[in-house]
Amino acid sequence: MFKEIEDLSESLVLIVEDSMLTQKVISCFLEGICSVHMVTSGEKAIEFCRATPPDLILMDWVLEGMSGVEACKQLQEMEGLSDIPIIFVTSNISEQQQDLCWDAGAVDFIPKPIVAKTLMNRVKTHLKYKQQADTLKRYSYYDGLTKVFNRRFFDMEGARQFKQSIRQQHTCSVVMLDIDHFKKFNDRYGHLNGDDALKAVASAIDGQIRRPMDGVYRYGGEEFAILLPDTEPDGAKQLANQFVDAVKALAIVHEDSEFGVVTISAGVASNDGGEHYQDLAQLIAAADQALYNAKHQGRNQACVAEKKGA
Ligand SMILES: Nc1nc2c(ncn2[C@@H]2O[C@H](COP(=O)(O)OP(=O)(O)OP(=O)(O)O)[C@@H](O)[C@H]2O)c(=O)[nH]1
């Protein structure tokens with residue numbers, strides 16, 4: 001599982017240090033282990049992390065302007081940045097100062113004057129921990145078979161995106177997809193071929209996604225959900241039709257289907273920025289009803305949910 005974790009060369013370490021000499025010493029010791037970027041203040045460190053979150057931060061205690069401890073505290077409180085490990089590199093640190101570092105969220109210390117072996121080993125150890133944590137996170141968000149996001153992540157991310165769309169009065173759309181006559185496919189071609197078909201369908205759907213915030217999730221056995229934040233009903237319908245066409249174009253033979261190949265049906269629902277649907281469950285129920293209509297009207301097509309009260 002952790003095979004890919006051996007190589008640290010792609011890991012990025014941010015050095016926050018105002019002495020040019022110390023910057024040089026640290027980057028020299030880390031050469032060949034990982035990539036490094038250097039900044040001279042806590043403010044610049046925060047700015048850099050916002051744009052390019054590093055895998056590890058080596059933080060000086062005494063800095064011009066914001067102190068290292070203050071920068072550490074602020075980073076720990078920022079969404080998406082709180083899991084970046086921070087090691088303090090500092091000399092003559094008192095017990096009270098050590099307390100302050102731990103309380104701010106530091107994971108370790110490296111004493112000055114810097115001993116090359118200590119620096120290299122601490123950096124390697126923390127980069128490996130970070131890689132392992134990132135890998136575990138990835139595994140817990142993805143579906144093992146199809147490599148798209150899993151249901152657990154959908155439940156978390158979907159609820160968050162739905163709430164955000166209500167707060168910002170933006171439209172949020174969802175497409176529910178289901179493979180047509182998949183039971184018959186499994187019965188005729190076997191479960192392993194069924195698994196291969198599922199993988200190909202997931203990849204074809206994922207291949208249609210262009211915006212970074214859009215996401216494909218395996219919702220159930222042969223059912224997928226696609227979350228489309230900031231997407232108007234027309235755009236969602238267009239994308240749903242693209243999914244239908246892309247799966248048909250795979251031309252996976254299915255002799256027990258009226259289409260001769262594997263196809264999908266899709267249902268689309270959108271909350272139009274207001275309180276159209278109370279929560280994500282209602283939005284999904286509407287998309288599911290539209291999916292049912294698509295099945296009922298002959299499959300291999302996408303239907304849009306009827307407006308409430310229509
Ligand atoms: N190979 C494989 N099959 C799966 C997996 N998950 C669910 N299925 C199968 O998908 C089939 C779904 O069958 P149904 O719900 O009856 O739907 P359907 O046959 O696609 O019929 P319609 O939806 O009406 O077109 C079942 O036979 C499940 O066993 C999986 O991970 N791998």
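A: A polar contact here is a pair of N or O atoms within 3.5 Å; within protein, one must be able to donate a hydrogen and the other to accept it. The model is predicted.

Start with Ser173. Ser173 sits in strand β6. A polar atom of the Ser173 side chain lies 2.7 Å from the backbone oxygen of Thr231. That pair falls within the 3.5 Å cut-off. Ser173 has a relative accessible area of 0%, so the residue counts as buried, the limit being under 20%. Leaving aside residues up to four places away in sequence, Ser173 touches Ile226, Leu227, Leu228, Thr231, Glu232, Pro233, Ala236, Ala269 and Ser270.

β6 (171-179), α7 (182-189) and α8 (191-206) are the elements that give two or more residues to the shell around the ligand. Helix α8 supplies the largest share, four residues. The shell holds 16 residues, and His181, Phe182, Asp195, Arg218 and Lys295 come nearest.

Now the polar pairs. A polar backbone atom of Phe182 is 2.7 Å from an oxygen atom of the ligand. For Lys183, a backbone N or O atom lies 2.8 Å from a ligand oxygen. Arg299 uses its side chain: an N or O atom there is 2.9 Å from an oxygen atom of the ligand. Taken alone, the ligand exposes 670 Å², and the protein buries 68% of that.

Back to the backbone around β8 and α9. Asp230 is found in the loop between β8 (223-229) and α9 (233-249). Phi of Asp230 is near 55°, a positive value in a residue other than glycine. Most residues other than glycine have a negative phi. With 46% relative accessibility, Asp230 is partly exposed. Ala251 lies in the loop between α9 and β9 (264-272). Ala251 also has a positive phi, about 55°, although it is not a glycine. Its relative accessible area is 46%, so Ala251 is partly exposed.

Last, the wider layout. The protein is divided into domain 1 (10-138) and domain 2 (149-302). Their centres, taken over C-alpha atoms, are 42 Å apart. One more backbone detail: a cis peptide bond joins Lys112 and Pro113, with omega about -5°. Pro113 lies in the loop between β5 (108-111) and α5 (116-141). Most peptide bonds are trans.

Terms used
Residues are numbered from 1 along each chain as its sequence is written. This is a predicted model: local features need pLDDT of at least 70, side-chain atom pairs count only at pLDDT 80 or more; totals for chains, interfaces and linings use all residues. Side-chain values use heavy atoms; hydrogens and water are left out. A residue is near a molecule or strand if one of its heavy atoms lies within 4 Å of it. Accessible areas come from the Shrake-Rupley method with a 1.4 Å probe; for residues, only the protein chains shown count as cover. Domain bounds come from an automatic or database domain assignment. Buried means under 20% relative accessible area, exposed over 50%, partly exposed in between (1.4 Å probe, protein chains only). Contact means heavy atoms within 4.5 Å.
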